[in-house]
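Work through the exercises below with the sequence and the model at hand. Try each task before reading its solution.

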Amino acid sequence: MQHDVYDYTAHTVSKNTVLQKTYRLLGLSFIPAVAGAAFAAGMNFNFYAALGSRWISLIAFLVFFYGMTYLIEKNRYSNTGVTLLMVFTFGIGVLISPVLQYALHIADGAKIVGIAAAMTAAVFLTMSVLARRSRLNMNELARFLTVGAVILMVAMVANLFLSIPALALTISAGFVLFSSLMIMWQVRTVIDGGEDSHISAALTIFISLYNIFSSLLHILLSLNGDD
C-alpha cells in the first residue's frame, strides 16, 4: 500500500515539474522574441518587403516555421532543443515586427498593441486555470482541434486568392478560439502525463500565444479602421 502511494506521489511531482519547467521556458522564450522585434525595428527590416512577392514570403515563412518546429521536436529532450526554440522565437519576433512598427506609428497604436497583449495574457491565464479544472475529454478536444486546424488552413489559402476582409477577420477570430483551446489542451496534457517534454509543451503554447496576439492585433486594427 505504501509502495502505491509513493509511486503516485512521485508521478505527480514529475508532472508538476514538467509543467513548471514549461512555464519557465515559455517565459524565457519571450526574451529573444522581443529582441527579434526590436532588432528588426532598429534595422528598419521588413521580411515580407525584402522578398518582394507575397507568395515567396509565404513560402519562406512556412519553410522557417515548419522547419524550425520539426527541428525543435526532433531535439525535444536536449539543450539543443532549447537553443533552437530561442532561435525560433527570435525569428518570430522579426516576422511580427512590421505589423508592430505599423501599429505603433498610427494614432492610438500603442494603446491597441497594449490591449492585444493584455488580452493575450488574460486568455493564457484563463485557459491555464481551466485546464486544471476542466472535465472535458481531452481526446475529443484533440479531434476537434485537428478538424479546426484543417478548416483554418483551408480558409487561409482560400483568402489568399479571394482577399475578402470579412473572411480575414473571421479567420483571425477562429485562430483566437483555436489557439485558446490549444493552450488548455496542452496544459491539461502535461498535467495528465501525456506530455513529458517541457520544450515541446513550451513550443506549442508559444505558437498559440503568437497566434492569439497577432490575430487580436489584426482584429483591433481593423476595428480601428487602420487595417
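The model is predicted: local features need pLDDT of at least 70, side-chain atom pairs count only at pLDDT 80 or more, and totals for chains, interfaces and linings use all residues. Residues are numbered from 1 along each chain as its sequence is written, and side-chain values use heavy atoms, with hydrogens and water left out.

**Exercise 1.** Describe the secondary structure and overall dimensions of the protein chain.

Solution. Start with the elements, which are DSSP runs numbered from the N terminus (helices: H or I, at least four residues; strands: E, at least two). The protein chain has 8 helices and 0 strands. Next, take the extent: the C-alpha atoms fill a box of roughly 65 × 35 × 30 Å along the principal axes. Last, compare the radius of gyration, taken over C-alpha atoms, with the globule rule of 2.2 Å times the number of residues to the power 0.38. For 227 residues a compact globule would have a value near 17 Å, and the 19 Å of the protein chain agrees.

**Exercise 2.** Classify the packing of helix α4 against helix α5.

Solution. Axes are lines fitted to C-alpha atoms, for helices over the stretch in contact, and angles run from 0 to 180 degrees between N-to-C directions. Helix α4 (residues 79-104) and helix α5 (residues 109-133) pack at about 130°, with axes 7 Å apart. Therefore α4 is oblique to α5; the cut-offs are under 35 degrees for roughly parallel, over 145 for roughly antiparallel, 65 to 115 for roughly perpendicular, and oblique for the rest. Then list the contact residues (heavy atoms within 4.5 Å): Leu100, Ala103 and Leu104 come from α4, and Gly109, Ala110 and Val113 from α5.

**Exercise 3.** Which residues have the most contacts inside the largest nonpolar core?

Solution. Such a core is a set of buried Ala, Val, Leu, Ile, Met, Phe, Trp, Tyr and Cys residues joined through side-chain atoms within 4.5 Å. The largest one has 58 residues, and Leu85, Phe88, Ile183 and Leu217 have the most contacts inside it. Helix α8 gives the largest share, 14 residues.

**Exercise 4.** Is Ile207 buried or exposed?

Solution. First place the residue: Ile207 lies in helix α8. Buried means under 20% relative accessible area, exposed over 50%, and partly exposed in between (1.4 Å probe, protein chains only). Ile207 has 15% relative accessibility, so this residue counts as buried. Leaving out residues up to four places away in sequence, Ile207 touches Phe65, Thr69 and Phe88.
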